[in-house]
Structure formats: C-alpha cells, structure tokens
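Hello,

Here is the structure we spoke about, for you to look through. My notes on it follow below.

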Amino acid sequence: MKQRGIEAELHTDFADFSLGVSLSLPGRGVSALFGPSGSGKTSCLRALAGLMRARGFVRFADEIWQDDAKGVFVPAHRRAIGVVFQEASLFAHLSVRGNVEYGLRRVPPAQRRIALEQAIELLGIAPLLERRPQTLSGGERQRVAIARALAVSPRLLLMDEPLSALDVGRKEEIIPYLERLPHELDLPIVYVSHAPDEVARLADYLVVLRTGKVLASGPLQEVLVLLDTPIRLGEEAGVVLQGNVAEHDETWALMCVAFLGGRLWVRREDLPLGAPLRLRVLARDVSLARSPHQDTNVLNMLPARVEEIGEDDHPADALVRLTVGESALLARVTRRSVARLDLHPGQTVWAQIKAVAVLR
Ligand SMILES: Nc1ncnc2c1ncn2[C@@H]1O[C@H](COP(=O)(O)OP(=O)(O)OP(=O)(O)O)[C@@H](O)[C@H]1O
C-alpha cells in the first residue's frame with residue numbers, strides 16, 4: 001500500500017524573494033530538495049517543520065500541520081519531526097550520551113518507535129558516548145546530531161545540508177549511515193542539498209527548486225533525464241542506476257553490477273554478491289558508436305536506443321537520452337558527432353562507458 005506522504009502549499013514573500021511551491025512527497029525514502037543557493041530549499045524545509053510560518057497548507061501522513069483556511073498551525077515542537085542542520089549544535093557541557101538522550105523526556109514511552117540503543121547503533125556512535133562534543137571530529141559530531149534527532153522517535157526526519165560543512169573524506173564516512181536510515185527505520189526523510197553527488201547517492205525522489213519555484217519533481221531517475229527543463233546540472237548531468245553485485249573479478253579488481261537493462265563492469269568494492277548499490281554515470285563519460293568496437297579500452301559497451309536529443313549548456317554539445325533495457329542513460333556528445341553519426345530518435349547505438357568513470 002502506498003504510504004501517504006507530505007502534501008504542502010507554501011507561499012511567502014521576503015523583500016527580494018518569493019517562495020511559491022506545491023510539494024507532494026512520498027511517504028517513504030529520501031526526498032531531496034535540490035537547487036542552487038538562494039533557491040528556497042531551506043525556507044521550504046523550515047516551513048515544513050513549522051520553524052518558519054509560510055502561508056498555505058501542510059499535511060504529513062494523516063495529520064494536518066497547517067491549514068490557513070481553517071486557522072490550523074501546529075507548532076514545531078508538536079510535530080513528530082527530527083531536524084538536522086548543517087552544523088551540529090551539540091551541548092558542550094553534556095557528554096555525547098547526554099546529548100543523544102536530551103529531548104527524550106518529552107517523548108512518552110508509548111510513542112517511542114526508535115529505541116535509544118538503535119539510534120546509537122545505526123550511527124555507530126557507541127564508542128563515543130562518554131566523550132564531550134569538543135573532542136569530536138566534524139563527521140562524528142554530525143553523526144551524534146543525527147542520532148539525537150532520531151532518539152525522539154520522529155515520524156519524519158528533516159535534514160538541511162547535513163554534509164555541506166564537511167570535507168570529502170568526512171562526507172564519505174557519513175553517507176553509508178544515511179543510506180541505511182530510511183530502510184532500517186522506515187522513516188521518510190526530506191533532505192536539502194545543493195550537491196548533485198549527495199542527491200545521486202541518497203535521494204529516491206527529487207524536487208528541483210529555482211528562485212522559489214519548483215522546476216521539476218518526481219522519482220530521481222525520471223527527473224535526472226528530463227531534457228526539456230533546464231535543470232542545468234552542467235558537468236554533473238547524468239543518471240543513477242540501481243543494481244546488484246553480480247560478479248567479482250579478483251584478477252583485475254573489478255566487479256560486475258547487474259541493473260535493469262544490462263551489466264556494467266566497475267572498480268571492485270568489498271561487497272557480497274547480490275548486494276544492492278547505486279551507480280552514477282555522468283553524461284560526459286558516455287560515448288556513442290554505431291557499431292560495437294572491439295579495438296577499444298572501454299570495458300562497457302551496451303546496446304542502447306536513442307530516445308531524444310536535446311540542447312546542452314554549451315552550443316557545441318548535445319545531450320542524448322538513451323534507454324538501455326528498462327534503464328535510462330544520458331550521453332553528452334558534440335553536435336558535430338550527432339550530425340556525423342546521423343543520430344536520431346529510434347536508432348540503435350552502442351553506449352560506451354569506461355569502468356573507471358562509473359561513480360558510487
Ligand atoms: N527571514 C528572511 N528574511 C528575508 N529574506 C530571507 C529570509 N529567509 C530567507 N530569505 C531569502 O530567501 C531566499 C531563499 O533562501 P533559502 O535559505 O530558503 O535558500 P536556499 O536555497 O536554502 O539557499 P542556501 O543553499 O544558500 O541556504 C534568499 O535570497 C534569502 O536571502
């Protein structure tokens with residue numbers, strides 16, 4: 001059964017900015033609010049949380065949190081939410097344990113869906129419990145902040161750029177914890193980010209915001225391949241493929257990932273056969289050929305169908321939307337190649353993807 005999610009109409013006017021969005025987010029998985037700085041992501045999140053009062057309507061599952069027409073506004077502390085911000089604001093005078101337990105008092109035992117121990121285990125912070133926040137790394141502090149948000153047993157977790165203050169290494173350290181959360185806890189997450197790599201890794205549903213408006217929204221894979229809206233991911237344009245580890249090649253340190261539509265060889269990771277994973281294939285790393293080449297170093301050569309050819313940011317380039325089996329791919333090629341290969345919708349081509357170019 002489809003879980004009821006979030007329905008919201010949010011309007012607000014600041015001196016130099018107006019927000020006017022209609023959101024319909026699924027009741028499970030990670031919904032990303034994605035857009036450049038100043039597009040209104042944080043304003044949306046704060047209005048959903050009740051931390052900022054926009055005009056409109058907010059429903060979460062079967063609860064009305066705001067309905068201006070009926071004069072309803074449930075204050076933030078009465079909404080069953082956990083909120084995580086960019087910087088973890090932990091209490092310096094409390095240990096990690098004290099921080100995580102903070103707030104638990106206001107949750108009646110009958111409403112505790114997430115045990116404290118489970119939050120601690122999920123974020124891997126058991127070894128840190130007696131430490132003070134000042135002694136933690138940025139990544140550790142953020143894991144504690146997430147555990148603290150979970151400890152109050154929210155029905156919805158709201159995260160505002162939780163990784164943006166961290167360097168790449170720390171980010172990589174936290175992402176696996178975030179990947180587990182929605183599945184292990186059956187907890188919907190609204191995740192604000194301006195970083196395409198985080199969105200590709202974590203989001204199931206994507207809302208693209210620009211200047212206070214929704215430019216596109218839908219399941220991640222569908223929105224990423226829209227050519228008719230100027231999502232303008234630039235160098236980051238590409239797709240996300242959901243697959244499972246199908247084979248390991250110890251000799252060459254490669255692994256084969258099966259996805260709906262084919263198989264891709266990528267760099268080996270220490271994952272068991274069958275393990276689910278996401279692969280990110282950027283449009284710039286996909287090249288096209290009319291026949292399958294044998295004399296190439298490119299490991300992956302997939303038969304694909306050209307669906308659509310769209311304009312790209314630079315006038316030299318075109319973005320080609322392809323289907324490989326049931327999956328979509330994007331290829332960035334020059335317009336000269338489109339002409340030389342006589343590319344057109346309906347045509348069968350070979351999509352070449354270097355194994356080393358596939359990202360996680
Ligand atoms: N309380 C406020 N008063 C006036 N203007 C505001 C207020 N809050 C936000 N704004 C403006 O609204 C716009 C959107 O801000 P918001 O923080 O929602 O965007 P964002 O997409 O989250 O950006 P960032 O990634 O930089 O945080 C900005 O131009 C901001 O200056």
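**Ligand shell**

The shell around the ligand is made up of three nonpolar, eight polar and two charged residues (Ala, Val, Leu, Ile, Met, Phe, Trp, Tyr, Cys and Pro count as nonpolar, Asp, Glu, Lys and Arg as charged, and the others, Gly among them, as polar). In total 13 residues surround the ligand, and the closest are F14, F17, S37, T42 and S43; a residue counts as near if its C-beta atom, placed from the backbone, lies within 6 Å of the molecule.

This is a predicted model, in which local features need pLDDT of at least 70 and side-chain atom pairs count only at pLDDT 80 or more, while totals for chains, interfaces and linings use all residues. Residues are numbered from 1 along each chain as its sequence is written.

**Domains**

The chain has domain 1 (6–224) and domain 2 (238–355), with bounds from an automatic or database domain assignment. Their C-alpha centres are 33 Å apart. Five residues of domain 1 are in contact with five residues of domain 2 (C-beta atoms, placed from the backbone, within 7 Å). On the domain 1 side, helix 7 gives the most, with three residues; helices are DSSP runs of H or I with at least four residues, strands are runs of E with at least two, and both are numbered from the N terminus.

Five strands form an open sheet in the order 2-1-4-5-6, with antiparallel pairing; two strands pair if DSSP finds at least two bridges between them. Strand 2 (18–25) and strand 6 (72–73) are the edge strands. Strand 1 (residues 6–13) pairs with strand 2 over eight bridges, and T12 stands opposite L19 in strand 2.

Regards

Definitions and conventions: Contact = placed C-beta atoms within 7 Å.
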